[in-house]
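Here's a quick walk through this one, chain by chain and core by core. Have the sequence and the 3D view open as you read.

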Amino acid sequence: MNWTWFHRLGSPPHAYRLAQRLTPWFAWPAAILCLLALYGGLVLAPPDYQQGEGFRMIYVHAPTAWMSLMVYTTMALAAAVALIWRIKVAHAAAAACAPIGASFTFAALVTGSLYGEPMWGTWWEWDPRLTSELILLFLYLGYMGLRAAIEDPQRADRTSAVLAVVGVVNVPIIHYSVSWWNSLHQAPTVMRFGKPHMSPAMLWPLLVMLIGFTLLFAALLLVRLRAEILARERNAAWIREELGA
Amino acid sequence: MTPRRRRMTLVIAILAGVSIAGALALSAFRRNVTFFFDPTQVAAGQVPVGERFRLGGMVTEGSLRRAPGSLEVRFVVTDYSHDVPVSYTGVLPDLFREGAGVVAHGRLAPNGTFVADEVLAKHDEKYMPPEVARSLKRRHGESRQEATPAAAGPQGAPPQPPQAPVSTAAPPTAGAGS
């Protein structure tokens with residue numbers, strides 16, 4: 001197999017230009033799909049037999065929670081690739097993931113709290129699912145804090161990458177927390193083996209929203225990656241050429 | 001080539017080590033991680049005596065009794081092999097239903113009644129429009145039997161008899177406390 005495309009990704013100018021070119025291809029579909037899913041979820045979908053209109057919170061809560069896990073997995077993967085192959089762009093990608101993932105995690109916790117009060121009768125409980133998701137937020141914040149605390153960029157990259165790889169064990173714990181232990185949170189509706197426990201009229205906006213959020217993450221990651229590369233390569237000759245100075 | 005191999009082995013070793021440490025820690029803390037105890041654990045005496053704990057399970061159909069003129073309610077929490085009677089004074093959450101999941105926080109009284117000071121509703125993972133729920137209830141057959149109670153954990157609750165009445169289509173009037 002020819003690996004040149006992979007090695008070319010490790011070149012900062014190539015990665016920078018590729019990110020620039022790809023961003024609109026993710027950003028526009030993300031905007032369209034999110035708006036479509038919002039309309040489908042808030043207007044077209046029927047109310048739930050138990051939760052009534054309040055169940056529409058799921059259209060923001062579930063996709064942000066899925067993204068919080070997906071972004072962390074991406075970040076840990078980028079960190080592992082960077083550690084093993086010593087690719088600086090991969091370190092930059094991992095660093096670019098962290099604030100996005102932290103935002104999705106924060107949004108999942110806040111929407112979950114707003115969802116939990118009317119449905120369960122509580123804003124917060126020290127439940128396995130809720131607690132492990134809170135730990136995920138602390139992992140993101142710890143990763144960002146560690147990066148910021150180490151001045152030497154190379155050491156900051158490597159040390160924080162180890163933290164990102166170590167923290168990935170929390171991802172399966174969050175997903176399976178509802179089936180391994182007794183939890184207030186219900187079992188997965190969609191991310192399970194077999195058919196989703198949801199009527200098709202309610203399900204499609206949820207899936208469209210998930211795709212939209214995934215594309216949004218990709219677009220945000222590409223923009224942040226470019227900013228990260230610019231900051232790291234600020235003295236390189238190619239940047240002066242690129243910016244036409 | 002060799003240093004890269006070494007780094008790859010190192011990353012995999014770190015991941016494996018942390019996973020094993022995490023698995024050991026979590027299995028050691030199993031009792032503490034569990035959010036609630038089910039009626040079988042209560043019957044087996046596995047709950048802390050004289051201390052507050054959470055009881056989780058399904059509300060037995062037809063067990064809800066309201067004391068007239070007060071907020072006091074009594075109901076039975078079951079995991080379909082053991083039952084625990086619960087008494088509670090206060091407003092029940094909107095999603096409290098007979099046949100649906102519930103988590104109560106309180107103490108076990110000497111007479112075996114669980115005196116709760118907080119009751120949370122635990123809904124299941126099924127979402128459907130009211131019409132679908134009604135028609136499912138009308139032909140209550142296979143679709144009700146395959147449903148599992150939301151409260152049953154894999155090692156917490158024993159396997160569930162298939163004929164157990166699960167609330168796929170409980171009437172929304174059953175327990176709204178407000």
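How many Å separate the centres of domain 1 of chain B and domain 2 of chain B? Taken over C-alpha atoms, the answer is 39 Å. Keep in mind that this is a predicted model.

As for where those domains sit, domain 1 of chain B covers 2-32, and domain 2 runs over 34-145. Chain B has five helices and six strands. Of the 178 residues in chain B, 37% are buried. Take the contacts in chain B between residues at least 6 apart in sequence: 57% of them link residues at least 24 apart.

Now for the nonpolar cores. The largest has 71 residues, and M75(A), A78(A), A79(A), A93(A), A94(A) and C97(A) are the ones touching the most other members.

The top contributor is α3(A), with 19 residues. Zooming in on A93(A), and skipping its neighbours within four places in sequence, you'll find contacts with A78(A) and L225(A).

There's also a second, separate core, this one of 35 residues. Its members include V33(B), F75(B), V76(B) and V119(B).

Terms used:
Residues numbered from 1 in each chain as written. Chains lettered and ligands numbered in written order. Predicted model: local features only at pLDDT ≥ 70, side-chain atom pairs only at ≥ 80, totals over all residues. Domains from an automatic or database assignment. Helix = DSSP H or I, 4+ residues; strand = E, 2+ residues; numbered from the N terminus. Buried ≥ 20, exposed ≤ 12 C-beta atoms within 10 Å, placed from the backbone. Contact = placed C-beta atoms within 7 Å. Core = buried A, V, L, I, M, F, W, Y, C linked by C-beta atoms within 7 Å.
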